[in-house]
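Reader: I have a few questions about this one. Can we go through the helices and some single residues?
Author: Fine, go ahead.

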Amino acid sequence: MPSPLTEEKKDALKRKIMLLYLKYGFDGISMDEIAARLHVGKPTLYKYFKSKEDIAREAEQFAMERLTGVSLSMEGGIDDALKGLSQLYCNGIALAVFSGSRYMSDLKNHFPDLYTEHQQAIDNLISRFQAFHEKAAEKGFCRKLSLPLVGEQFHKMLPVVIDEEYLKKHNLTLRETIREYYRMLLHQMLSDAYQNVIFMEETYSFCDRLTESVEEVLAV
């Protein structure tokens, strides 16, 4: 008789189940296929998720945490500005991984209530970022930019950063690309007086931790 799963292994299994759903979409994989791919018995799978609907709702909870969990405070100095930008980048990458066009289509078609909440959370994050940018620009930390253009660029570039085919075509690694695009964003956003922080070692450490998380997802 197999030994019971530890809490750590239970969490890891639940994460892999959710990642498979996110990778293949609501209509792209069945509960039986999820069990087969992860080499777990169906009773084990159904112990954590009774249906694909349960998986979808937990996946959306993850996405909502990324959208609502960004701290964009400008009460402090440049450290607060950098913290806000790094959180925005990290959660933007997570959403690019987990909330692609197929995911959003699934959400809209199968869970219209969750889709509406998701869109409202995006609008709220945009409003908070606008207020954050205005305060950061007033304090001289950030350049005054056209936020609609910055937002459009951010929205279109993040899926490219993690696209395996794109990286292969241009002989890039995921680590290099996540580092470089974050450096480019900081260069674009920060005023001249604070450009030196772009090359701080902590910045690259943050990017490398982010890379490891994305690699775990793409390996599923």
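Predicted model: local features only at pLDDT ≥ 70, side-chain atom pairs only at ≥ 80, totals over all residues.

Reader: Which helix is the place of D80 in?
Author: D80 sits in helix α5, residues 78–98.

Reader: And what is D80 in contact with, leaving aside its neighbours within four places in sequence?
Author: S73, M74, E75 and F132.

Reader: F132 and A136 are in α7, then. Which residues of α7 are buried?
Author: L114, H118, A121, L125, F129, F132, H133, A136 and A137.

Reader: What span should α7 have, and how far apart are its end C-alpha atoms?
Author: Helix α7 has 27 residues, 112–138, so at 1.5 Å a residue it should span 39 Å. The end C-alpha atoms are 39 Å apart, which agrees.

Reader: Which residue just after α7 takes a positive phi?
Author: G140, with a phi of about 85 degrees.

Reader: Change of topic. At what angle do the axes of α1 and α4 cross?
Author: Roughly 95 degrees, and the axes come within 10 Å. Helix α1 covers residues 7–24 and α4 covers 52–68. The angle falls between 65 and 115 degrees, so α1 counts as roughly perpendicular to α4.

Reader: Which residues meet there?
Author: From α1, K14, I17, M18, Y21 and L22; from α4, I55, A56, E58, A59 and F62. By class, this contact has 8 nonpolar, no polar and 2 charged residues.

Reader: What is D106 in contact with, sequence neighbours within four places aside?
Author: Y21, G25, F26, D27 and F111. Y21 is also one of the α1 residues that meet α4.

Reader: Last topic, cysteines. How many disulfides does the structure hold?
Author: The structure holds 0 disulfides.

Reader: What about C90 and C142, buried or partly exposed?
Author: C90 counts as partly exposed, at 26% relative accessibility. C142 counts as buried, at 5%.

Terms used. Residues numbered from 1 in each chain as written. Heavy atoms only, no water. Helix = DSSP H or I, 4+ residues; strand = E, 2+ residues; numbered from the N terminus. Expected span 1.5 Å × (residues − 1). Buried < 20%, exposed > 50% of the residue type's maximum accessible area, 1.4 Å probe, protein only. Contact = heavy atoms within 4.5 Å. Axes fitted to C-alpha atoms, helices over the stretch in contact; angles between N-to-C directions. Parallel < 35°, antiparallel > 145°, perpendicular 65-115°, else oblique. Nonpolar A, V, L, I, M, F, W, Y, C, P; charged D, E, K, R; others polar. Disulfide = S-S within 2.5 Å.
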